[in-house]
Amino acid sequence: MSRPAINLNLLALLLALLASLLDWTAPGTVLSLTGSLPIVATALCQLAWHHRRPALARGTGLAVLMVLIPALASFLIPEYWISHSAWNRQVEGWTAGSLIVDWRPPLLVILCLIMLIASLLVRTRANLGAPQLLAMTAILLVMQGVETWHATNLLSLTGSALEQAALWSLLAAQLSGVAVNWRGHLPGLKRALPAGVLLACLTLLFWHQQKTLVEGNLHAETQAQSQRLAESLSLEIRDHLQAMQRFANSWQLQDTLPTGGQWAAQAAPYHQDFQYFLNIAFIDTDSRIRRVHPANATNQRLLGRRLFDEQPAGRSALEEALSNGEMGRTGIIDLLQGEPGIIHYLPVLDDDSQRPRGAVGMVVSLPALADTLFRQTNPSHFGLTLMTPDRTLAERQATSRLATWQHRSAIDLDGLSLTLTSRPTLSLLLSRLSRQPVVSLTIGLLLAYLLFMVLFAHQHMDTQQRLMRRSNRELRHEVRSRTRLQKEVEWLASHDDLTKLPNRRQFMWDLERHGQTRPLSLLICDIDHFKQVNDAFGHLQGDRYLKSIGELGRDIIESVDGVFARYGGEEFIACLPGHDAIMARDIAERLRVAIQQIDLRHADGSPLTISIGITTQVGGDLQTDTLLQAADEALYAAKAGGRNRVIIAPPP
Ligand SMILES: Nc1nc2c(ncn2[C@@H]2O[C@H](COP(=O)(O)OP(=O)(O)OP(=O)(O)O)[C@@H](O)[C@H]2O)c(=O)[nH]1
């Protein structure tokens, strides 16, 4: 249980609770509490972990993940799988009018919490990727800081300052509690962590760039939509002016004032097409309203009224038509009907004199005109306002919550400048917002984690292989030295250490090996008066004499494919397979003479000599004891006969 880790966790818990409290008390943001609550739960989960309650920590962590993963999914799943409005339908029952964005924590907070909890679920073990998860949490937190300062996002993707501070504390708590356990994995971490962190950083940069691009495109798209709406308003005005021009011209051929019936019949189709005309009236040269359509009660009351008196704001426009025979248009005025609008006056000219006989007046209600236009867009997509520089003419509220974006489009209304302000709704934007940047971010972070795991495992395997290679080398070395030792032991067991000749036991085996060869001769050689050598020169010199005789004996006997061995003390023994007694005697003589001739002398200067007893088996089974005894007896005879001679034992 690490004290600093617990303190840092408590700090995180305090900060998260404070953030929740502020969210709770802030007006209208009660639902953003959901951003802080998972942080509180994660802090509790970490506290349980640091208090050595792993089961409780795992349970809490899994419960938080069960909330966070659907929240992350709502950022990832394409609109055509689960639409944004479907997500909203899930939550609108919880509190009236709430949207999914009110309930889910910001994207970067979700990712940070998932990393922190995942790190606990893998028991903060380096070989299960905990260092990479915590490093990615740190990178995400840095990104949150950057996003907070340069927030141009459609949605807030970051936690509040308090929430970010709480997340930093949670991260510090985990690091202070577990980093010490990773010391043993330093080579693996050195190889895997830089690559994993680099990929995570690149992923975040790529995500940031993609997100900016996607939001920019969406902004341009909704702005273009707003612009098209403004242009269609201008087109509408132009259309109705052209239509009314035709309407005015149609009266030129008629000499008399149109009857009420004629007027209604002609004006009705136009009114049908342009329903925002409050009326279409015929005004005589004295500015009196003589005919009006539609003939509703309001319009009926206008009949006979003199506009020069009744509507001074429109006088100059009317005079333009009645006096100059040109089309006149009022500015935006308060109409007699009590709403803002504009009136177009089109002269009706006498066909012969081309003098005005009156004018057609078209009264356009701007709220009604705007309404016609507004009806072209879905109220759940945009909030719209039509305004002059100093007054609002018409407004259409959206049925859904508005985003912060606002598009302004200028409208040229036959020389009058209006502004159409459109504000897209949050639902519209979120339903059109591409999920690709968040998908890339999630996949990129997952790949960064996997890259860490692969490199870490690779390094681990490398170390294991190195250790295995080293222990194999040591094992091979051990086997070699044991084999050498074994051979030495075997050699010592079968050889005489002084003369390096086979010893008696080995000789017996060799004799058995040649046991089937006939004839088979056996020689026993004994140095004459060797005791005197020892006595005169000492044992060491005696040993040197023994070695010299051994070397000479081996050379001569092995040159005829025989075996020469030390029989014991100053005695040697030889076996000559395939040699009969005569041949054996010749070889023995050669040996005797050779020894006499080398420079081995007694103290009195006389040469060292040997006596040799020979026996030969020419047939029958090998009778070692008999042979040995016969050779020994022959040797005894040689000694008794005066030494320095070769005696052949009599045949058995
Ligand atoms: N230096 C040395 N002397 C040895 C070794 N083995 C036996 N001897 C000596 O060989 C001598 C044998 O002496 P004896 O058995 O009396 O025989 P001898 O002196 O050779 O006389 P004869 O055999 O009768 O001619 C002894 O003095 C032993 O100590 C050995 O390995 N090294």
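This is a predicted model: local features need pLDDT of at least 70, side-chain atom pairs count only at pLDDT 80 or more; totals for chains, interfaces and linings use all residues.

**Helix pair.** I looked up helix H7 (residues 130–149) against helix H16 (residues 436–494), and found that they pack at an angle of about 145°, with their axes 9 Å apart. The crossing of H7 past H16 is right-handed. On the H7 side the contact is made by Gln132, Leu133 and Met136, while H16 brings Leu445, Ala448, Tyr449 and Phe452. I then sorted the residues of this contact by class, which gave 6 nonpolar, 1 polar and no charged.

**Sheet.** Next I asked in what order the 4 strands of the open sheet are arranged. The order is S8-S7-S10-S9, and the pairing is antiparallel. Strand S8 (392–396) and strand S9 (407–413) are the edge strands, each of them pairing on one side only. From one strand to the next the twist averages 20°.

I followed the pairings of S7 in turn. Strand S7 (residues 382–387) is joined to strand S10 (residues 416–424) by 6 bridges, the two running antiparallel, and Thr385 has Thr421 in S10 as its bridge partner. Towards S8 I found 4 bridges, again with antiparallel strands; here Leu384 has Arg396 of S8 as its bridge partner. S7 and S8 form a hairpin, with 4 residues between them.

**Helices on the sheet.** I looked up which strands helix H14 (residues 366–374) lies across. These are S7 and S8, and H14 runs at about 30° to S8. Helix H9 (residues 186–249) also packs on the sheet, where it touches S9 and S10, and its direction makes about 15° with that of S9.

**Ligand shell.** Finally I turned to the ligand, which 15 residues surround, the closest being Phe530, Lys531, His539, Gly542 and Gly569. The elements that give two or more residues to this shell are strand S11 (520–527), helix H18 (530–537) and helix H19 (539–558). Which of them gives the most to the shell? I found that H19 does, with 4 residues. By class, the residues of the shell around the ligand divide into 7 charged, 5 polar and 3 nonpolar. I set this beside the contact of H7 with H16, where I had found no charged residues.

Key
Residues are numbered from 1 along each chain as its sequence is written. A residue is near a molecule or strand if its C-beta atom, placed from the backbone, lies within 6 Å of it. Ala, Val, Leu, Ile, Met, Phe, Trp, Tyr, Cys and Pro count as nonpolar, Asp, Glu, Lys and Arg as charged, and the others, Gly among them, as polar. Two strands pair if DSSP finds at least two bridges between them. Axes are lines fitted to C-alpha atoms, for helices over the stretch in contact, and angles run from 0 to 180 degrees between N-to-C directions. Two residues are in contact if their C-beta atoms, placed from the backbone, lie within 7 Å. A crossing is left-handed if the near helix is turned anticlockwise from the far one by less than a right angle, and right-handed if clockwise.
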